[in-house]
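Here's a quick briefing to read alongside the sequence and the 3D view. Keep the viewer open and find each spot as you go.

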Amino acid sequence: MNTFYAVLVSGLTVGALYAIASIGLSLVWGALGVLNMAHGAMLTLGGYVAYGVITGLGLPVPLGIFASVAFGALAGGLIYVLIVRNVLRQAKADFEANVMIATVGAAIALENGILLVFGGQPLRQPVTVSGSFELGPLIVPWQNFIIMVAAVLAMAVIASLLNYTRMGRAIRATAQNRDAARLMGVAADRVYLIVLMLSGAVAGICGLLLSAMVQLSPSLGNDPMLKAFIMCVVAGLGSLPGAVLVSFGLALLEAWVQYQFGARWGFPLLLCAVVVVLIWRPSGLLGKTEVRRM
Amino acid sequence: MTKTSGRTDLLIALVLIVVAIAIPFQIDSRYVLGQIVLALFYACIASQWNLVFGFAGIFSLAPVAIFAVGGYATAMLCFFLGWSVWAALLPAALVAAVFSVLIGLACLRLTGVYVALLTLAVTQVMYLLIVTDTECFVQVGSVCRQLTGGPGGFSRFGDFGTRQLLKGDWMIGNYAIVCTLFVVIMVVTWVILKGPMGHAFRAIRDNPGYAVARGINRFRVQLLVFGLSAFLTGLAGGVYAAHFQVIGPTILQLPQLMFIIAIVVIGGTGTFWGPLVGTLVLMGADELMREVGEFRTLGLGLIIAASIVLLPNGLVGRFRDLMRYAGRNRSAGLKTSKDIQ
Amino acid sequence: MSAVLELEDVRSGYEGVEVLRGVSFSIEAGELVTVVGPNGHGKSTLLRTISGLVPLRGGEIRFEGRALDRHVHHTAARGLAHVPQGDMLFPQMSVHENLLMGAFLCSDSTELARRMDEVLTLLPKLAERRNQQVSTLSGGERRMVGIGRGLMMGGRLMMIDEPSLGLAPIVIEQIYEVIAQLGKSGRTILLIEENPARVADLADRLFLLDNGEFIWSGPPAELLASDELISAYLGG
């Protein structure tokens with residue numbers, strides 16, 4: 001029974017991380033209709049920036065957290081200005097694929113830049129907390145608890161930004177009907193920039209939390225990004241509540257499979273899940289009925 | 001974009017064949033010849049991915065996975081069943097084609113990014129499953145051998161026999177084999193593109209609605225090209241395994257996949273000669289960047305991103321624009337000189 | 001009398017096809033002008049060209065004496081409200097949020113409240129449906145949200161594209177009652193309609209658009225009286 005609770009705790013923690021990773025992806029997909037393949041590298045960047053500021057420069061922890069958010073936003077903004085905007089301007093039919101390829105290029109460059117600056121050896125994120133507390137039958141490590149709280153907090157901030165601010169409404173409007181939003185006076189270009197910066201900031205936080213759980217390495221973000229993609233597809237690309245829900249569900253399932261059958265079967269299971277869901281419901285579990293199928 | 005006339009293609013092909021025959025007589029260095037062979041493998045995979053993505057419009061990220069299946073199948077047939085490499089090549093290519101068709105059945109009814117994500121996930125899962133495989137399948141002497149070869153992969157499962165036959169010149173023999181493979185692949189690709197299937201691709205890519213109205217079954221055509229290109233890619237994978245006498249999970253890693261994609265994008269997506277041009281340019285750049293070793297991957301990433309942004313139609317597309325521009329200037333020039341007369 | 005909107009020899013179209021082939025006209029303040037014509041002859045393209053959704057290929061468009069630049073989001077800032085064909089609402093938002101999006105550029109909260117009040121008085125149905133998601137509304141209700149959202153923009157010229165499209169006759173009547181009220185309130189309106197009979201009592205002037213050109217203009221009664229025009233262009 002103890003293992004059941006251990007699996008539950010680790011599943012929920014990982015789920016929280018997947019959820020904020022997929023929120024970042026889903027935001028961009030929803031508003032721009034493209035996938036940012038550099039999202040994983042942006043996660044990695046967030047983790048390393050915090051490490052560099054706290055351990056490297058010896059500055060206080062909150063400043064490190066702030067720096068990873070700021071650098072994430074900056075990276076997102078640069079990816080928009082240098083790559084995405086220009087590819088969208090080419091007005092070619094296969095812009096989806098071209099944005100993906102170009103952002104993978106950016107991801108490789110970013111990942112390698114990190115490797116050159118920090119080296120390839122795994123590093124320990126300084127913002128770790130030891131100890132645990134008991135909650136009924138659950139033994140929750142403080143580390144996991146803090147990650148979960150921070151993730152939920154991040155989600156709440158994004159949700160209220162999107163739901164209760166003028167800019168948030170403009171972002172959702174652009175995602176739902178771009179031309180109509182432009183007719184209302186929304187500058188789509190600016191919305192796109194803000195969305196990518198927001199997604200970058202979220203990636204920064206996510207990378208920081210992620211690196212507090214596992215160790216820092218230049219490929220830190222790749223695996224979570226691919227899994228976050230799977231979550232987004234299962235949920236229906238662009239559906240934020242769906243992405244959060246599916247992230248927790250699949251993370252719990254993954255944790256259980258990894259415990260039952262060994263760690264190597266976690267990812268194949270996710271892949272099977274997404275194939276089954278897509279055959280059964282091509283627009284995802286909670287996606288709009290409009291099917292992206294020809 | 002694909003309207004280079006057959007005669008131009010033939011002319012280019014003849015020049016290339018002459019160059020290909022001249023190469024072993026001109027180049028003594030086994031290293032350089034080895035790099036040329038490697039480049040030819042890249043060109044093979046790239047040309048097939050170009051067929052899938054550039055012509056048929058399927059954004060699949062499975063090319064290295066299919067290549068690996070071809071290589072692994074060849075190695076496994078030789079290793080476990082004791083087949084000769086030559087006998088294993090075609091069955092292994094068939095295995096790759098079946099593998100690809102299965103992937104196609106699962107994802108070709110979807111569009112764009114969904115196909116990309118699924119095929120990328122398949123590649124990643126293959127890599128993870130092979131790398132983490134620790135279960136003994138057979139015992140070779142004191143060494144335990146996993147079914148998938150594990151992180152070390154397969155080696156010493158046989159070769160083309162060029163070493164016994166040509167002794168020190170074995171590399172030239174292998175070069176000839178890989179060259180032949182490349183020529184076969186290019187010819188088949190050309191025939192596919194000029195035939196009815198090529199027209200169907202163009203219709204599907206340029207105007208899906210029209211294609212459906214004309215009775216083209218998108219799913220079936222795409223599945224067919226998925227299988228065909230996978231057969232050729234798998235064949236190349238088998239030859240690759242036999243040439244290097246080793247096949248391991250590293251070929252499934254993301255940078256390999258990106259290298260293939262970069263080749264096509266830089267050369268010119270959806271152009272017949274694009275992959276070859278891209279291979280030459282990127283392998284050349286790669287050799288140059290060897291001097292600054294640690295910046296190679298960084299450079300590759302930047303080259304990919306920059307060429308998508310700055311060269312929307314690749315080098316071949318840019319070259320055509322230049323030719324057209326020059327052609328217009330020349331005809332304009334002729335007109336004025338005539339006026340003067 | 002000052003022209004709110006002036007078009008001079010406007011040409012536009014989509015890839016390779018010229019849809020508008022030199023259209024000129026102007027609208028005075030307080031006028032309700034209607035463009036009628038058969039389907040597929042450029043009525044919607046005319047509005048979409050004015051607001052910048054379709055690129056201008058030639059000619060000039062002036063709004064209150066100054067040329068409109070070609071950024072779509074600037075037309076709203078200039079005071080032009082476009083109620084597009086097929087509503088183009090934000091389906092996953094509530095009625096209230098859709099209306100708020102109309103006033104996206106309005107940063108003055110008292111002005112915003114005034115506009116909201118005005119819209120809900122004119123379209124009481126929207127007050128009832130305030131918190132309902134737009135995708136769950138009926139076609140007529142959606143059309144009202146579209147018009148309401150356009151009113152929330154507070155523009156000095158309102159362009160309404162085929163408000164009767166796809167609606168049941170009884171609902172069309174309701175929608176046209178609203179438009180008649182808007183016309184009476186002194187607003188400047190450019191209206192697109194397929195059926196000239198529907199706007200007979202409403203419009204100050206009528207333009208007949210055929211094959212990308214204005215082939216006739218005048219008071220509605222005159223057009224309706226001419227069997228020749230009706231049968232040749234409007235299939236009546």
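In chain A, helix α9 (residues 222-235) packs against helix α10 (residues 240-261) with the axes 8 Å apart and an angle of about 120°. Angles of 65 to 115 degrees count as roughly perpendicular and those over 145 as roughly antiparallel, so α9(A) and α10(A) are oblique to each other. Keep in mind that this is a predicted model.

**How helices cross**

- Back to that pair in chain A for a moment: the crossing of α9(A) and α10(A) is right-handed.
- Now hop over to chain B, where the axes of helix α3 (residues 63-81) and helix α5 (residues 112-131) come within 9 Å and cross at roughly 40°.
- Angles under 35 degrees would count as roughly parallel, so α3(B) is oblique to α5(B).
- The handedness here is left-handed, for the crossing of α3(B) and α5(B).

**Salt bridges within a helix**

- Over all chains, the structure holds 20 salt bridges.
- One of them joins A:D179 and A:R182, whose closest N and O atoms are 2.8 Å apart.
- Why are A:D179 and A:R182 separated by about one helical turn? Both sit in helix α7 (residues 178-183) of chain A, and they are three residues apart, so about one turn lies between them.
- A:R182 has a relative accessibility of 21%, so A:R182 counts as partly exposed; buried would mean under 20%.
- Chain C has a salt bridge between C:R115 and C:E111, again with 2.8 Å between the closest N and O atoms.
- These two belong to helix α4 (residues 109-122) of chain C and are four residues apart, so about one helical turn separates C:R115 from C:E111.
- Are the two partners buried or exposed, or something in between? C:R115 counts as buried because its relative accessibility is 11%, while C:E111 is partly exposed, with a relative accessible area of 24%.

- C:E141 has 10% relative accessibility, so C:E141 counts as buried, but C:R129 is partly exposed, with a relative accessible area of 25%.
- There's a network to look for too: C:E6, C:E8, C:E60 and C:R62 are joined into one by salt bridges that share partners.

**A nonpolar patch on chain B**

- Which residues make the nonpolar surface patch of about 580 Å²? They are B:I17, B:I21, B:F25, B:V183, B:V187 and B:V191.
- Two elements of chain B give two or more residues to this patch, namely α1 (6-26) and α7 (170-194).
- Take B:I17, which is found in helix α1 of chain B: its relative accessible area is 37%, so B:I17 is partly exposed.

**A histidine to find in chain C**

- Look for C:H74 in helix α2 (residues 72-78) of chain C.
- C:H74 counts as partly exposed because its relative accessibility is 30%.
- How far apart are C:H74 and C:I215? They are 141 residues apart in sequence and 31 Å apart in space, going from C-alpha to C-alpha.

Key
Residues are numbered from 1 along each chain as its sequence is written. Chains are lettered from A and ligands numbered from 1 in the order in which they are written. This is a predicted model: local features need pLDDT of at least 70, side-chain atom pairs count only at pLDDT 80 or more; totals for chains, interfaces and linings use all residues. Side-chain values use heavy atoms; hydrogens and water are left out. Patches are made of residues with over 30% relative accessible area and no salt bridge: like charges are joined within 9 Å, nonpolar side chains (Val, Leu, Ile, Met, Phe, Trp, Tyr) within 5 Å. Accessible areas come from the Shrake-Rupley method with a 1.4 Å probe; for residues, only the protein chains shown count as cover. A salt bridge is a side-chain nitrogen of Lys or Arg within 4 Å of a carboxyl oxygen of Asp or Glu. Buried means under 20% relative accessible area, exposed over 50%, partly exposed in between (1.4 Å probe, protein chains only). Axes are lines fitted to C-alpha atoms, for helices over the stretch in contact, and angles run from 0 to 180 degrees between N-to-C directions. A crossing is left-handed if the near helix is turned anticlockwise from the far one by less than a right angle, and right-handed if clockwise.
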